[in-house]
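Please look over the sequence and structure before reading the points below.

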Amino acid sequence: MLKKLFTSFRSPLRRAPHPRSTPEVLSSRQHPINRNEISRHAISVVERLQRAGYQAYLVGGCVRDLLLDIEPKDFDVATSATPEQVRAEFRNARVIGRRFKLVHVHFGREIIEVATFRANHPQGEEEENSNLAARNESGRILRDNVYGTLEDDAQRRDFTINALYYDPTQEHILDYARGMHDVRNRLVRLIGDPEQRYLEDPVRMLRAVRFAAKLDFDIEKHSAEPIRRLAPMLRDIPSARLFDEVLKLFLSGYAEYTFDLLVEFDLFAQLFPASGEALKHNPEFTEKLIREALINTDDRIHDGKSVTPAFLFAALLWPALPTRVLQLQSRGMPPIPAMQEAAHELITEQCQRIAVPKRFTIPIREIWDMQERLPRRSGKRADLLLENPRFRAGYDFLLLRERAGEKTEDLGEWWTEYQHASDSLRRQMIRDLAGKPEAGSGNAPRKRRRSSGQRKRKAEGENGGSGE
Ligand code: ATP
Ligand code: MG
């Protein structure tokens, strides 16, 4: 398919990051997209709008992905109709969003997202008097509801490869920003002045990395250059939006490569400040644990299995825990409360940056708590743990820690065997534990160092028994 694209579409190789007002028009013979590859619901939305007298096109990721022979995740439509006009055309449509108003047209489980053509913002006074557009002092766009023409819409899109418009009726592609050239050369290139476009919306830095990882493209050098410098601008992005973006970054099946790019462009530490510190202070373990978790996530997604964001966040943050536990212990806090407190502090801080909802933070804590409980298997405890709904996630997390090099005295192997053992073998395994110290309990750093208070208590013989 790509071969057809390359041979049929020849254009001069000059750099032209600025969109033109007359598009390059590619007829059906000049591009490889076939109408049959497109959701029939998306086509019906476009045709319906066109019949009602509006301009309407498929745009964005779906056109880009079809050109690259990738199955599109979803289909986005751009139209000259306003959100209210779109809603009036469809019974199954809902207007959503405030910063950026859109219409969702529902067909069972499929949603076709319809956006009205937007224009770049008016500048200065004109903008100040508008309640449709707004920026803050650094130029960040706060409201983006200034409607415009198709040409305007192409200019305000983020990357050239995302500004290709496909008309399923005529089967033409309209290219205003030399997107076809960048598809062929496998480049993620911002439209317009990169610095200004990142200042307008710093999330575009994350999007550049996401598309580079997903498509295996390079970020064009002028688009790559400002990222490290402007990475701290992500601090101003609302934490709820960053949560959505982080899920897209790590749950699209390319998380491992995405992580490498985020680190390379100094974006990772902006999203996960404590984990960024852990990467500096304990690079080998931190990187290994995160990488193992991301490889596992990618594999599950490619196999069509479910993944839980809680497990992912539990892994991304785990390497940041030991330093905090140690700090609290050095102030005299006993190990278990120190672990609890460190976990609480870490999650609270992280949520200020990325608004991880409670339905995920609670299971993160449960997965971590499981790490304290899995070593304690005597009596009926092992069987009770097996019945715990969080056992599986906790056990998988234990195996992850072991793969990253944490020493747990083969606790993972013990649990693997226990799950598959007969009742009598289980009883034997529990009896065999008697007299042994509880393996792998807690974090490695806790074993290495005790607070002076504890050392004293231990010396005074107050802390006998199992230490639970
Ligand atoms: P995918 O859906 O595969 O993740 P996509 O390119 O379709 O990729 P969406 O987030 O669905 O990404 O956005 C649809 C289109 O809207 C993009 O292709 C782009 O043209 C435009 N767009 C999205 N976000 C921005 C942004 N922050 N700035 C400018 N244009 C944007
Ligand atoms: Mg999309």
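The model is predicted.

**Ligand 1**
- Arg207 has a polar side-chain atom 3.0 Å from an oxygen atom of ligand 1.
- Asn162 uses its backbone instead: an N or O atom there lies 3.1 Å from an oxygen atom of ligand 1.

**Helices H17 and H20**
- Two packed helices are described by the angle between their axes and the distance between the axes.
- For H17 (residues 309-317) and H20 (residues 358-373), the angle is about 60° and the axes are 8 Å apart.
- H17 is therefore oblique to H20.
- The crossing of H17 past H20 is right-handed.
- H17 contributes Pro309, Ala310, Phe311, Phe313, Ala314 and Leu317 to the contact.
- H20 answers with Phe360, Pro363, Ile364, Ile367 and Trp368.
- This H17 contact with H20 has 11 nonpolar residues, no polar ones and no charged ones.

**Helices H13 and H16**
- H13 (residues 255-264) packs on H16 (residues 283-302) at about 140°, with axes 8 Å apart.
- That angle makes H13 oblique to H16.
- On the H13 side, the contact is made by Ala255, Glu256, Phe259 and Asp260.
- On the H16 side, the residues are Glu287, Ile290, Arg291, Leu294, Ile295 and Asp298.
- Which classes make up the contact of H13 with H16? Five residues are nonpolar, five are charged and no residue is polar.

Terms used. Residues numbered from 1 in each chain as written. Chains lettered and ligands numbered in written order. Predicted model: local features only at pLDDT ≥ 70, side-chain atom pairs only at ≥ 80, totals over all residues. Heavy atoms only, no water. Axes fitted to C-alpha atoms, helices over the stretch in contact; angles between N-to-C directions. Helix = DSSP H or I, 4+ residues; strand = E, 2+ residues; numbered from the N terminus. Parallel < 35°, antiparallel > 145°, perpendicular 65-115°, else oblique. Left-handed = near helix turned anticlockwise from the far one by under 90°. Contact = heavy atoms within 4.5 Å. Nonpolar A, V, L, I, M, F, W, Y, C, P; charged D, E, K, R; others polar. Polar contact = N/O pair within 3.5 Å; in protein donor to acceptor, adjacent residues only side chain to side chain.
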